[in-house]
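Please look over the sequence and the structure below before reading on. The paragraphs that follow begin with confidence and then go from the overall layout to single residues.

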Amino acid sequence: MTLHDGTRFSPQFIESKLKFSPYIKESVVFGGDLAFCDGALINIDMENTGKWAENHQLAYTTYTDLAQKEQVYGLVRKQVETANADLPTAALSSAFAAAQRIDADDEENDPHPQSAPHFVAQRYYDLIAALYGPAAHVDVQTDITYQDGRTATLNTRLKIEQV
């Protein structure tokens with residue numbers, strides 16, 4: 001990817017650095033026409049982060065509840081800062097959101113992996129746009145389909161964390 005100032009960087013490299021953390025399962029980094037990388041959607045690793053929360057006596061009920069805890073944001077912030085430590089200034093992530101699960105839906109599990117970031121960018125447009133603005137949070141509405149075919153809508157307020 002080439003940033004606005006001509007700096008080239010690999011979003012996959014940054015995403016991989018973030019996934020070295022046992023607490024991060026998935027990450028998607030955005031930049032492109034901007035002057036800097038600036039944003040990442042991060043999925044926590046439910047198992048490892050859940051164990052961490054239990055060890056720190058942090059109660060939670062669901063993935064989203066755990067992902068939105070201040071203490072978990074602090075934990076993820078440290079992981080982002082560690083990943084940023086040896087990146088060029090132009091490639092640093094300066095905001096992130098511990099997003100709802102970015103699971104491998106059929107569209108995201110496309111046999112052409114280069115199209116997955118475009119799908120994520122379309123699906124999470126409002127959340128990604130919030131990474132680049134002054135908002136402290138963004139309201140996200142997600143339609144979910146259960147295995148038995150029932151559907152439900154999940155409304156969540158996700159915090160945007162500045163690094």
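Over residues 104–115 the pLDDT stays under 50, and for this stretch the model has 11 contacts beyond four places in sequence. The model is a predicted one, and the mean pLDDT of the protein is 77, with 73% of its residues at 70 or more. Among the elements, helix α5 (residues 116–123) has the lowest mean pLDDT, 66, whereas helix α2 (residues 46–55) has the highest, 96.

The secondary structure consists of six helices and six strands. Read from the N terminus, the order of the elements is α-β-β-α-α-α-β-α-α-β-β-β. The protein has 163 residues, of which 42% are buried. Among contacts with a separation of 6 or more, 53% are between residues 24 or more positions apart.

Helix α1 covers residues 11–19, and its buried residues are Pro11, Ile14, Glu15, Lys17 and Leu18. Where do these residues sit around the axis of α1? They lie on the same side of the helix, because the arc they cover around the axis is only 160°.

Strand β2 (residues 38–44) holds Ala40. Is Ala40 buried or exposed? With a relative accessible area of 1%, Ala40 is buried, because the cut-off for that class is under 20%. Ala40 and Phe30 are 10 residues apart in sequence, and their C-alpha atoms are 6.1 Å apart in space.

The loop between α2 and α3 (63–67) contains Gln57. Gln57 is not a glycine, yet its phi is positive, at about 50°. Gln57 counts as exposed because its relative accessibility is 76%, and the cut-off for exposed is over 50%.

Strand β5 (residues 151–159) includes Arg157. Which residues does Arg157 touch, leaving out those up to four places away in sequence? They are Gln68, His137, Val138 and Asp139. Arg157 and Gln68 are 89 residues apart in sequence, with a C-alpha to C-alpha distance of 8.6 Å.

Thr151 is another residue of strand β5. Thr151 has a relative accessible area of 60% and is therefore exposed. Apart from its neighbours within four places in sequence, Thr151 is in contact with Ile144, Thr145 and Tyr146.

Tyr146 has a charged side chain over its ring: Arg150 lies over the face of Tyr146, at 4.8 Å from the ring centre. A second case involves Lys159, which lies over the face of Tyr73 at 5.3 Å from the ring centre. How many aromatic pairs does a search of the whole structure find? The count is zero.

Methods
Residues numbered from 1 in each chain as written. Predicted model: local features only at pLDDT ≥ 70, side-chain atom pairs only at ≥ 80, totals over all residues. Heavy atoms only, no water. Buried < 20%, exposed > 50% of the residue type's maximum accessible area, 1.4 Å probe, protein only. Helix = DSSP H or I, 4+ residues; strand = E, 2+ residues; numbered from the N terminus. Arc of directions from axis to C-beta. Phe/Tyr/Trp six-rings, centres within 6.5 Å; stacked < 30°, edge-to-face > 60°. Lys NZ or Arg CZ within 6 Å of the ring centre and 35° of its normal. pLDDT = per-residue confidence, 0-100. Contact = heavy atoms within 4.5 Å.
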